[in-house]
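Biologist: Hi! Could you walk me through this model while I have it open?
Modeller: Happy to, here it comes.

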Amino acid sequence: MAATEAIRGIGHSVKRLEDGRFIRGRGNYVEDIVLPRMLHLEFLRSPLAHARIRSIDTSAAEAVPGVVAVVTGELLAQHNLAWMPTLSGDTQAVLATDKVRFQGQEVAAVIAESPYVAKDATELIDVDYEPLEPVTSPQQALAEGAPVIRDDKEGQASNHIYSWEAGDREATDRALAQADRVISLDTFYPRCHPAPLECCGCVADVDAGTGKTTIYMTSQAPHAHRTLFAIVTGLPEHKIRIVSPDIGGGFGNKVPIYPGYVVATAASLLLGRPVKWIEDRTGNLISTGFARDYHMHGELAVKDGRMSGLRVKLLSDNGAFFADAQPTKLKAGLFHIVTGSYDIPAAHVETEGAYTNKAPGGVAYRCSFRVTEASYLIERLVQTAAYELGEDPVEFRRKNFIRPDQFPYKSATGFTYDSGDYEAALDLALEKLGYEELKREQAEARKQGKLIGVGIATFTEVVGAGHGADYDIAGLRMNDGAELRIHPTGKAVLKLSVKSQGQGHETTFAQIVAEELGLQPEDVEVQEGDTDHTPYGLGTYASRSTPVSGAATSMVARKLRKKAQAIAAHLLEASEDDLEWSEGRFSVRGAPEKSTSIQDIAFAAYTNIPEGMEGGLEGVHYYDPPNMTYPFGTYAVVVEIDRGTGAWKVRKVVAVDDCGVRINPMIVEGQIMGGLTEGFAIAAMELIDFDEDGNCIGANFMDYLIPTSWETPAFELGMTETPSPHHPLGAKGIGESATVGAPAAFVNAVVDALAHTGVRNLEMPVTSDKVWEALKEAELAE
Amino acid sequence: MYPASFEYHAPASVDEALALLERYGDEGKVLAGGQSLIPLMKLRFASPRALVDLNRVQGLDTIEEGGGHLKIGALVRHRDCERSEKLRGRYGVLADAAPQISDPIVRNLGTVAGSLAHADPQGDWGSALLAARAEVEATGPAGTRTISLDDLFDGPFTTTLEPTEIVTAVRVPDPGPRAGGTYLKLERKVGDFATVGVAVHVSFSNGTVGRAGIALTAVGPRNLRATAAEEALQGATLDDNTIRQAAELAAQAAEPRSDHRGSADYKRSVVRVFTERGLRKAAETAREEER
Amino acid sequence: MTAAVETASLTRAITVTVNGEARSADVENRLLLVHFLRQTLGLTGTHVGCDTTSCGACTVLLDGRPVKSCTVFAVMAEGREVTTVEGLAPAGGLHPVQEGFHEEHGLQCGFCTPGMMLASAALLAENPEPTEEEIRWALSGNICRCTGYQNIVKAVQYAGAKMKEGS
């Protein structure tokens, strides 16, 4: 008889199966990979933001002992590789040819026997630059007479990239015209950076003997990368293998294709040896996919106390190349979710994108495709409106919530929210917070000159891209797959098209199989990241793994369970309809002693299959989500301000999340806490800035500030569970909820501490000096 | 990330180290903790021809009290200061500065003497030791001389040390039985340089201020002594008025620049606030010491 | 520069005791300790996360004290003892800190984990029952992007309790 231990499927906080190698220091990250005869690639980067290249002299570099080659744009151009397509239909320089277009842009690459030698040689490359006027803001970029950055593009006469809109302009104009009040907010979501602790890199190995190109790569989307590589290089796709091994954090930074990958591959092809490129932190911050940099103007119309319309105008700073990693039909990603948790009948979003002399990017850093920007805007705007209207920020939100009976809810900008119960999350958060008591304490404290602030954010976000007809990246539809095979002795291997960078897929997805098939999670090996051995998909970002590949896993496991039922009927000599399934066993209804385990069924699949049935027990499923999923929550932050320095200390953070069914609650909470920390960091200290010459400030960890365990507050977590009606498991995805919802909660808290003096806005990062300037103006500085 | 090549020596004695420095002239650099020098070398902002590693030299790693001084050897690490009982109480300015240097791991290797020799205007020890009226023992080919911290710093990353000299110790004069102080540092996060730092070190006699030391970090081309504030406090009783006045003078002594950490006005205001807070703390500590 | 000054060697033969074993090699003076460990010795558990001595991913123990191995030259470790993550566990088992990180979900991507665990082990060796504040202070030289630190605190508390129980 099989053991009667409960199957640790959905809802169990199974300790992570992947931990073993990491706690022993036996992780296999790209930088750990060593191949025989491997060479090292080091870039020479441009010191200038905008300049014409007159000449490049690499002779001294080439003469350094240990240097095998020095690659320039000119050499790449001979192989048609100096430019490559971006994920947004633009082109991007691999190595600069005519001009450099941002400080830090790759200009030349040294390939040498050791990274130390490669660095020595880069110092000897002599580049003659003719400086050009740098364009350092999108306003400057779109002004009359601005220098044209992309003069490489035929027909590009300005720095304008795109215009895009969503929603109903006329209805929104009417709503604003007829409103009792229109409250507006202009705010800037600054440029920040995902800065995963592991930088980007690859080991490219073009093997002339086998004709196979293997690229070990920090990739969140290995299959999509393989296809794009095939298109860009002309190498046949079946002869390209992308292996994304252990990844030390992605957060969207490892979705784009970077020049390093292409140059390393080209160098390996030309030199016949593996080439390793590992960027340093400066390279990572100065040149790889940044996040946000969104100038936002919002207007909220209020009529009879209810939100009646929302108008948003956006200006996006996309850097020197339009390289956003987002569904191609959506130039502002999913920004138009901006009506958030509120029942706003009319909304309109219009956006412009501009080139500037900065690194390319914009969609990254757990943004859920620009949902971070949207959620920040609406939560800050709603807070501002509450103050202007003299209403309590919590009650103003509550009375405008979409009500549970309105789901599925069609928003004014075309989203169909699957499910939600916003009041339940709000009430739980308020209870944990002790909101009423806090408001009293705040009032008392003010009398004594103590400044306490309470900030709330009630966010709804949208994840799980997505339905193939609507969501594609570079034309590739955003469906993902799962392939499951059960071995004769009842163990299984699950191959996924997504790729964890720390999210715990080896455990979570094993638990899905456990739930559907009754195998314990330890009996399921999860494989990801090797394009030769896993089904095709678009990878892990935008919180899509559970909604898409999680669904695929559930579906393929159910397929196997159906076949298992047929085999069980054969083994038990009963009819399939008479069988009941429970905890990994099929039993005859009414005769429970007549039962068989999934393990016995698996063995039978190879040894005792019914006549005419195909052997084995395996399957594959590609899941096309019918809709997105809509996680939501309420975050509350309490801060106290030091009136002498403007520094604010976080006293309490309450985070109530609803991501539907939680497969592994421990892992879900880990994702939330990580996201809350990044949200706090963005609100408090992270910033990539540029001076008027286009010099990047924030290109290393002394200037780009990541909080340590000391600054980071503790978090009190809570949950509600409103399943997604269309997801096979009812799960919604959680990876980005906290970065979406948290920044506004923190900023709202600091503003709230000063709101009684009329302060309405502070721009991120809300550093102590900015708070002090507001204190000074309010005559509250010590 | 990859420094340039260099010659390397690990002498066993100060004499041997001096001989090596003399040999290399200004092409040689002393290596102690390396937590300021090595980062510069990795970014190739510094590429000395040779490094003279002091870490094998015995006898430089103690904190000793005696002869009217606290003597901090050249290889005393920030972490040693953080944990030393000798630095508390009347040397509180040092005890409070130590844990705020950089981060806990860097503090395991970085040295006090090295910090001073590096002379970063955003360096914390410079202010704490200026306020404590410290001096360094500099040993060179001609022998040992003492340089008061007022005369040591010459500008950003510049000291009056010769390239052939090594700081072998830092000496802090005993402020007497009734003294107190602290170091207040506003930083954006652990490991960041100061936005503003204020060191306060006050000795008392007969209920009034004997000597006051107030020094400022990151608000000038080097660590600055707020001399006018110090002089205003001499012989005075520490009360709300004298504290406020001294704080105002300290703020005026600052030469802050507007940058990403804040405007000059902001920094000047923080100098004032921190000086006030520091003086209150100094008075409190001195009262406790007496009990 | 004096014409008579001969250029001394740019390399040196060193012997460092790594995880209890004497390891010898001829290295460039400029070779960083982290590269000595990763490239010369093939111990890739110690990671590189930045270029300004800011992140602590490269933390190892040097004579029992946590140091950032990216900011130490290998030649400085001559004759000294280095412990990397590979040397944390006793044979066939796990160090309580490793166990704690697993039990309390103190790691996600694993990249900061070796350095974080070594800093934690050093803390517990000096302070067996640290408060949350003391833990956060002691680990403030190690950046984590994934966990938000809260479970790391719990992992260290777990390990401390385990070590107390075992002693």
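Modeller: One term before we start: buried means under 20% relative accessible area, exposed over 50%, and partly exposed in between (1.4 Å probe, protein chains only). Helices (H or I, at least four residues) and strands (E, at least two) are DSSP runs, numbered from the N terminus.

Biologist: Thanks. And what are the ground rules for the model itself?
Modeller: This is a predicted model, where local features need pLDDT of at least 70, side-chain atom pairs count only at pLDDT 80 or more, and totals for chains, interfaces and linings use all residues. Residues are numbered from 1 along each chain as its sequence is written, chains are lettered from A and ligands numbered from 1 in the order in which they are written, and side-chain values use heavy atoms, with hydrogens and water left out.

Biologist: Let's begin with α1 of chain C. Which of its residues are buried?
Modeller: Leu33(C), Val34(C), His35(C), Phe36(C), Leu37(C) and Arg38(C). That is six of the eight residues of the helix, which runs over residues 33-40, so the rest of the structure largely encloses it.

Biologist: What do those buried residues pack against?
Modeller: From chain A they meet α4 (115-122), and from chain C itself β1 (11-18), β2 (21-28), β3 (59-62) and β5 (81-83). Contact here means heavy atoms within 4.5 Å.

Biologist: What follows that helix?
Modeller: Gly42(C) comes after α1(C), and its phi is positive, near 70°.

Biologist: Is Thr53(C) buried or exposed? And His105(C), buried or exposed?
Modeller: Thr53(C) counts as buried at 8% relative accessibility, and His105(C) counts as buried at 2%.

Biologist: Where are the cis peptide bonds in chain A?
Modeller: One runs from Phe407(A) to Pro408(A), with omega near -5°, and another from Met764(A) to Pro765(A), with omega near -15°. Pro408(A) sits in the loop between α11 (393-398) and β19 (409-410). For Pro765(A), the loop is the one between α18 (737-754) and α19 (768-777).

Biologist: I also clicked on Ala82(A). Where is that one?
Modeller: Ala82(A) is in the loop between α3 (73-78) and β4 (83-85) of chain A. Its relative accessible area is 4%, so it is buried. Its C-alpha is 5.2 Å from that of Val94(A), 12 residues apart along the chain. Beyond its neighbours within four places in sequence, its contacts include Leu76(A), Gln92(A), Val94(A) and Thr97(A).

Biologist: Switching to interfaces: how much area is buried between chain A and chain C?
Modeller: About 4,300 Å², with carbon and sulfur atoms giving 57%. Buried area is the accessible area (1.4 Å probe) that two parts lose on being put together, summed over both. Ile23(A), Tyr116(A) and Leu197(A) supply 20% of what chain A buries against chain C, more than any other three residues. In residues, 52 of chain A touch 46 of chain C.

Biologist: And between chain B and chain C?
Modeller: There it is about 3,300 Å², of which carbon and sulfur atoms give 59%. On the chain B side, Met1(B), Tyr8(B) and Ile105(B) supply 19% of the area buried against chain C, more than any other three residues. That contact takes 43 residues from chain B and 39 from chain C.

Biologist: Zooming out, what is chain A made of?
Modeller: Chain A has 19 helices and 35 strands. Its radius of gyration (taken over C-alpha atoms) is 27 Å, close to the 28 Å that the globule rule (2.2 Å times the number of residues to the power 0.38) gives for 782 residues, so it is as compact as a globular protein of that length. Buried residues make up 66% of the chain, and its C-alpha trace spans about 85 × 75 × 50 Å along the principal axes.

Biologist: And chain B, how many helices and strands?
Modeller: Chain B has 10 helices and 14 strands. Buried residues make up 62% of its 291 residues, and its C-alpha trace spans about 60 × 45 × 30 Å along the principal axes.
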